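Subject: Structure for you to look at

Hello,

Here is the structure I said I would pass on. Please open it first, then read the notes below beside it.

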Amino acid sequence: EPVAKYGTLDVTFDYDSQEQKLLVTVTAVTDIPTYSRTGGSSWQVHLVLLPIKKQRAKTSIQRGPCPVFTETFKFNHVESEMIGNYAVRFRLYSVRRMKKERIVGEKIFYLTKLNLQGKMSVPVILEPSYSLPGCDSQMSMSEVSCSESTSSCQSLVHGSAPEILVGLLYNATTGRLSAEVIKGSHFKNLAANRPPNTYVKLTLLNSMGQEMSKCKTSIRRGQPNPVYKETFVFQVALFQLSDVTLILSVYNKRSMKRKEMIGWISLGLNSSGEDELNHWTEMKESKGQQVCRWHTLLES
């Protein structure tokens, strides 16, 4: 029994191996920390299917000390022969009006524990989520790097998609857009079996797709999970902010002249996906606070 309570979810898993789909029902939450510790009396549960993070869901917002949800979410393409590579990450957020939602607890539930056919109801006991300094409280250590949190994460590492952690901040007064390339994970050397030598190139485009500015990080040699922590500042007027696109491209530098792209994302006007668009929107709404998010790289 954990000494401190971070919430216990009543969850039912229903897996259909023929359809290769997983139904997850979040019924209720008990053992929520006391009101003063979390500063909220409204609650929401977020779910994401690991390791790819493309399939996400969240419950409605419910009030009170023992919120009841009884909501079912469907995750597709969960192959029975690969079930050991999948997990569902649950996160409980306290939601406060006018303030940012705050993470209370989280748990990664490995699907190796599932019955391969039929329903299974389990209590999912949440654990504390360790926030990163300099990032908002929704960033947790389990997202930073598997090796830095628990060794049980190792089963997810195999075959994981490369990801990049980016911090965005916009100052409307000065018109400065700051993009911090914080770190990468699961960067692969496509040609050889050794870890890659990588750098990240940032390109800012106007609404017509013309290049306004570009820069790049220094090279991190022989690291699959490189830490960059380099910040780049672009001058973007407030009226332009909805019309620009920021592209981040990760390259593996192989020899004097040769390089290959590991993957890319774009944020802003022509965002490469919903997560990227949401990150840009959150930055615009966060009034000068840095917003950090992981993004899965798209293949070139």
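The protein has four helices and 17 strands. Please keep in mind that this is a predicted model. Of its 300 residues, 47% are buried. The accessible surface comes to about 15,100 Å², and carbon and sulfur atoms account for 51% of that. I also looked at contacts between residues at least 6 apart in sequence: 63% of these join residues at least 24 apart.

Cores

The largest nonpolar core has 31 residues. Inside this core, Phe13, Leu22, Phe90 and Leu111 have the most contacts. The elements that contribute two or more residues to this core are β1 (8-16), β2 (21-30), β3 (42-50), β6 (68-75), β7 (87-95), β8 (102-110) and β9 (117-125). Another core, of 26 residues, lies apart from it, and its members include Val166, Leu177, Ile262 and Leu267.

Salt bridges

There are seven salt bridges in the structure. I describe some of them here.

One joins Arg56 to Asp275, with 3.4 Å between the closest N and O atoms. Arg56 is in strand β4 (residues 56-58) and Asp275 is in helix α4 (residues 274-285), so this pair links distant parts of the chain, 219 residues apart. Arg56 has a relative accessible area of 41% and is partly exposed. Asp275, at 31%, is partly exposed as well.

Another salt bridge is formed by the side chains of Lys107 and Glu127, at 2.8 Å from N to O. Lys107 belongs to strand β8, while Glu127 sits in the loop between β9 and α2 (141-144), and the two are 20 residues apart. Lys107 is partly exposed, at 23% relative accessible area, and Glu127 is partly exposed at 40%.

A further salt bridge brings together the side chains of Arg293 and Glu282, at 2.7 Å from N to O. Arg293 lies in strand β17 (residues 291-296) and Glu282 in helix α4, so the pair ties together parts that are eleven residues apart in sequence. Arg293 has a relative accessible area of 15%, and since buried means under 20%, Arg293 counts as buried. Glu282, at 24%, is partly exposed.

Helix α4

Which residues of α4 are buried? They are Glu276, His279, Trp280 and Met283. Seen down the helix axis, the buried residues of α4 fall within an arc of 95 degrees, so they line one face of the helix. These buried residues pack against β10 (163-171), β11 (176-185), β15 (245-253), β16 (259-268) and β17. On the other side of α4, Glu274 and Glu285 are exposed. Just after the helix, Lys287 takes a positive phi of about 50 degrees.

Loops and backbone details

Some residues in loops also deserve a note. Ser207 lies in the loop between β12 (198-205) and β13 (211-216), and is partly exposed, with a relative accessible area of 44%. The C-alpha atoms of Ser207 and Asp243 are separated by 5.0 Å, although these residues are 36 residues apart along the chain. Leaving aside residues up to four places away in sequence, Ser207 touches Asp243 and Leu269.

The peptide bond from Leu50 to Pro51 is cis, with omega near 10 degrees. Pro51 is placed in the loop between β3 and β4.

Asp31 has a phi near 55 degrees, which is a positive value in a residue other than glycine. Asp31 is found in the loop between β2 and α1 (35-38) and is partly exposed, at 33% relative accessible area. His186 also has a positive phi, near 60 degrees, and is located in the loop between β11 and β12. Is His186 buried or exposed? With a relative accessible area of 17%, His186 is buried.

That is what I have for now.

Regards

Methods: Residues numbered from 1 in each chain as written. Predicted model: local features only at pLDDT ≥ 70, side-chain atom pairs only at ≥ 80, totals over all residues. Heavy atoms only, no water. Buried < 20%, exposed > 50% of the residue type's maximum accessible area, 1.4 Å probe, protein only. Contact = heavy atoms within 4.5 Å. Areas by Shrake-Rupley, 256 points an atom, 1.4 Å probe, with all protein chains shown as cover. Core = buried A, V, L, I, M, F, W, Y, C linked by side-chain atoms within 4.5 Å. Salt bridge = Lys/Arg side-chain N within 4 Å of Asp/Glu carboxyl O. Arc of directions from axis to C-beta.
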